[in-house]
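Let's take a walk through a protein model together. Have the sequence and the 3D view open, and turn the view as we go.

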Amino acid sequence: MSEQQNQIVRDYSLFEAKLSGRVLNGHLFVRLMHWLKPYRLNLAISSILILLASYLAVVMEIIISLVLVDYIIVGESESLMPDLYMIELTQWVERQFGIEPLYAAGLIFFVVMVLFTVAGHAHRMTLIGSIVKGLRDLRQDLFAHLETRPSSFYDRIAVGRIMTRVTNDVEALFEMLRGMGSLVGEFVPFFVALVIMLSTSVELTLIMLLLVPVVGVATYFFREMSREVFRLVRNSVSALNQNLQENLSGMQVVQLSQREERNLETYTRINRNNRRYEFRSINLNTVYSAFNDSLASIGLGIIIWYGGGEAIQEKISLGGVILFTRFMNMLFTPVVTLGEQLNILYRAMASGERIFQALDWDEQIHEPEHPKEFPENLRGKVEFRNASFGYSPDTTILKNVSVTVEPGEKLAIVGPTGSGKSTMIRLLSRLYDFPRGMIYLDDIDLNDLKSRDVRSRIGVVLQDFHIFSGTILDNIILGNPDISRERAIDASRTVNAHGFISDLQYGYETPLIERGANLSQGQRQLLAFARVLAADPEILILDEATASIDTETEILIQDGLRKLMEDRTSILIAHRLQTIKEADKILVLHHGVVREYGSHDELLELKGLYHILHELQFQEISLDDAGNPVDA
C-alpha cells in the first residue's frame, strides 16, 4: 500500500448509499449558484420578464371584467374595484383614435396579450437558456473531475452509479430550477389577485381563501400516496427494460435453448405488474383531478351565491363578480404547482447531494510537488526493487518483486491467473499509488515523475482493446495532434493492419459501431497495435494482447510485432508460446512471488513451474502453494 493509501482508508459504501435528499438544503443551493453565477444577468432579465408577464396576466382579466362588463356593457365610468387604470387608459385611447369604447378595449387587450405572450416566451427562453448553460458547465466539470479519479476508484464504484450522477441527477436539477422559475410565475399573479380581491370584498375573499388550505392538504396527501405508486411504476418499467435487453441481446441463446415460451411468460408477468401499477397511478390522478374540479365548482358556486348577493346590494359590481371567478384559478393553481414542485425538489436535493459527493471525492493519483523532467531521449530501463503492493489493506498481490529490464530488452511475465502479472503493468503505468523507492524508469523514481509524462512514454496494448466512437483513423490517432494521417497509415502498414483497412468500403474513414462490432477480434487487435505504434513510445507493454487472436491473424502480426519491439524496451504478458520464446528474459510469478527468472532454455532446464506451464501450453490451471498442478 502507498503512503497516501495508508493515511486515508476510504469508505466506498458511502458513494453507493442512498442519500437523505432533504427537501431544503441551503448549502446545496449556494454551491449550485456557483455554476449559475456567470449567467446571473440573464436570470435577472428572466425575473423581470416573469414579473411583467404575471402583471399582464392580471391586467387581461381586469380588461375582460371591469372594462368590458362594468364600463362598456353596464356603463359604470368609475370602478368600485382597483382597475389598474385600465378604464382611464380605454378612455384615453377613445379620445386619441376617435373609436368606440369596445374597439378601444379590444385594441388594449390585443396589445396586452401580445406583450404577455412575448414576455412569457422571453422569460422561458432566458431562464431555460441560463439553466442549461449552467448545468452544462456543471456536467462538464463533473466529467473532468471523474476523468482524474484513479483506477482504484473505478475498481470499487459501479459505473452505472457514476453515469447516473452525470446524466439523471443533473437532469433532476434542471427540472427543479425550471420548476422554480415557473413557480414564481404562478405566485406573482396569486398575490396581485389577492390584493385586488381583498380591496373589493374582504368577506368573499376570506371565504375563497378557506378553500386554498383544502387544496393544499389534498395535494399533500395525493403526493404522498402517488410517491410510492410512481416508485413501483419506475421499478416495473426498469424490470421490463432489463428483461427485454437480456432477451434481445441473448436471442441466439434463447432460440438455441428453446426458451421463447418461458421467456414470454416471464415478460408477460412483469408487464402485468407494470399495467397494475400504471392503472393505480391513473386512478389516483383521476380522483385528484376530479377533486380539484369539484373544488373549483364549489368556489364558483360560492362566488355566484355570495358575490351575486353583494352585486344586488351594489356592494360589488357585476364585473367584480366575474373578476372573482377569473381570479379563482390564480388562487388554486400555485398551491397545486407548489405541491408538484415539492416532489421535484425532494428528488433534486438527493440528486444534488450525489453530484456534489462525486465532485468532493478527492481520491487521486499522488503527483510530486517538484516533478523531475524526462530526458529527451529515454533509454527505457525499467526496474522493480522489492515491489510489494495490494489493492486493499488486507491483501498483498506482489511480494518483494525485483527485476530489471535493460534498455531494448524484452521481458516476458508468465504465471497462473492472480499471480500479479497485470498488477506490475498497472503500477508501471502509474494507475495506482505505491510507496517510493519501488519502481524506477531510467533510474528515476516513478513517484518523482508526473503520471501523464510516464504514460506518454509507455505504450500499452490490452487484451480488451477499447474502441471509441468515430472512424478507424480517429481510433488510431486518438486526437493526438502530433500524429499525422500519414504516420497513422505507416503504423498500420507496419503491423499489417493496412490490408484489412484498405479492403473496407471507406478505408480509414470507416465509422466503427459500438465497441467496434463491425470488426473481427483479430482486426481490433491489429488496430490496437497500430494505435500504439503511431504514438511511438519508448517502452512497449503487451498485456495478453494476442490471447484472443486466431493463428492466422497471429502470423500476420508477428512480423509487425518484431518491428514494433525493435530497439524498444518491451514487457510481454502472454500465454502464446511463440510470443514468449522471443523474449530475452522470462519472469515467472506465483502468488505474487518471483519463482523463476531467466531465458526460455534456462527455465526449461530447471524443470520447475515454467516447465509445467510450458508443457500445459500455458493454459489457466490451478496450482498449489508449491507451484504444482492440483491434480498432479
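This is a predicted model: local features need pLDDT of at least 70, side-chain atom pairs count only at pLDDT 80 or more; totals for chains, interfaces and linings use all residues.

Start with strand E3, which covers residues 410-414. Is E3 mostly covered or mostly open? It's mostly covered, with five of its five residues buried. To count as buried, a residue needs a relative accessible area under 20%.

Which strands does E3 pair with? Strand E10, residues 569-573, pairs with E3 in the parallel sense over four bridges. If you find Lys-410, you'll see Ser-570 of E10 standing opposite. Strand E11, residues 585-590, also pairs with E3 in the parallel sense, over four bridges. There, Ala-412 stands opposite Ile-586.

Now move to another set of strands. Four of them form an open sheet in the order E2-E1-E4-E5, and here the pairing is antiparallel. Strand E2 (398-405) and strand E5 (444-445) are at the edges with a single partner strand each, so one side of each has no neighbour in the sheet. Follow strand E1, residues 382-389, and you'll find five bridges joining E1 to E2. One spot to look for is Phe-384, whose bridge partner in E2 is Val-403.

Next come the salt bridges, and the count comes to 15. Let's visit some of them. Arg-326 forms a salt bridge with Glu-61, and the closest N and O atoms are 2.5 Å apart. Arg-326 sits in helix H14 (residues 318-360) and Glu-61 in helix H4 (residues 40-74), so this pair ties together parts that are 265 residues apart in sequence. Arg-326 is partly exposed, at 36% relative accessible area, whereas Glu-61 is buried, at 14%.

Another pair is Asp-448 with Arg-436, where the closest N and O atoms are 2.6 Å apart. Both are in loops: Asp-448 between E5 and helix H16 (451-456), and Arg-436 between helix H15 (421-428) and strand E4 (439-441). Asp-448 is buried, with a relative accessible area of 14%, but Arg-436 is partly exposed, at 47%.

Then there's Glu-538, which forms a salt bridge with Arg-457, the closest N and O atoms being 2.8 Å apart. Glu-538 lies in the loop between helix H20 (521-535) and strand E9 (539-543), and Arg-457 in the loop between H16 and strand E6 (458-462), so the pair ties together parts that are 81 residues apart in sequence. Salt bridges can also share partners: that's how Lys-372, Arg-436 and Asp-448 are joined into one network.

Leu-473 is buried, with a relative accessible area of 9%. The C-alpha atom of Leu-473 is separated by 7.3 Å from that of Ala-488, which is 15 residues away along the chain.

Finally, turn to the surface. What gathers in a patch of positive charge there? The patch is made by Arg-269, Arg-272, Arg-275, Arg-276 and Arg-280. Arg-269 is found in helix H13, residues 260-312. With a relative accessibility of 45%, Arg-269 counts as partly exposed.

Terms used. Residues are numbered from 1 along each chain as its sequence is written. Side-chain values use heavy atoms; hydrogens and water are left out. Patches are made of residues with over 30% relative accessible area and no salt bridge: like charges are joined within 9 Å, nonpolar side chains (Val, Leu, Ile, Met, Phe, Trp, Tyr) within 5 Å. Accessible areas come from the Shrake-Rupley method with a 1.4 Å probe; for residues, only the protein chains shown count as cover. A salt bridge is a side-chain nitrogen of Lys or Arg within 4 Å of a carboxyl oxygen of Asp or Glu. Lys and Arg count as positive and Asp and Glu as negative; His and the chain ends are not counted. The place of a charge is taken as NZ of Lys, CZ of Arg, CG of Asp or CD of Glu. Helices (H or I, at least four residues) and strands (E, at least two) are DSSP runs, numbered from the N terminus. Buried means under 20% relative accessible area, exposed over 50%, partly exposed in between (1.4 Å probe, protein chains only). Two strands pair if DSSP finds at least two bridges between them.
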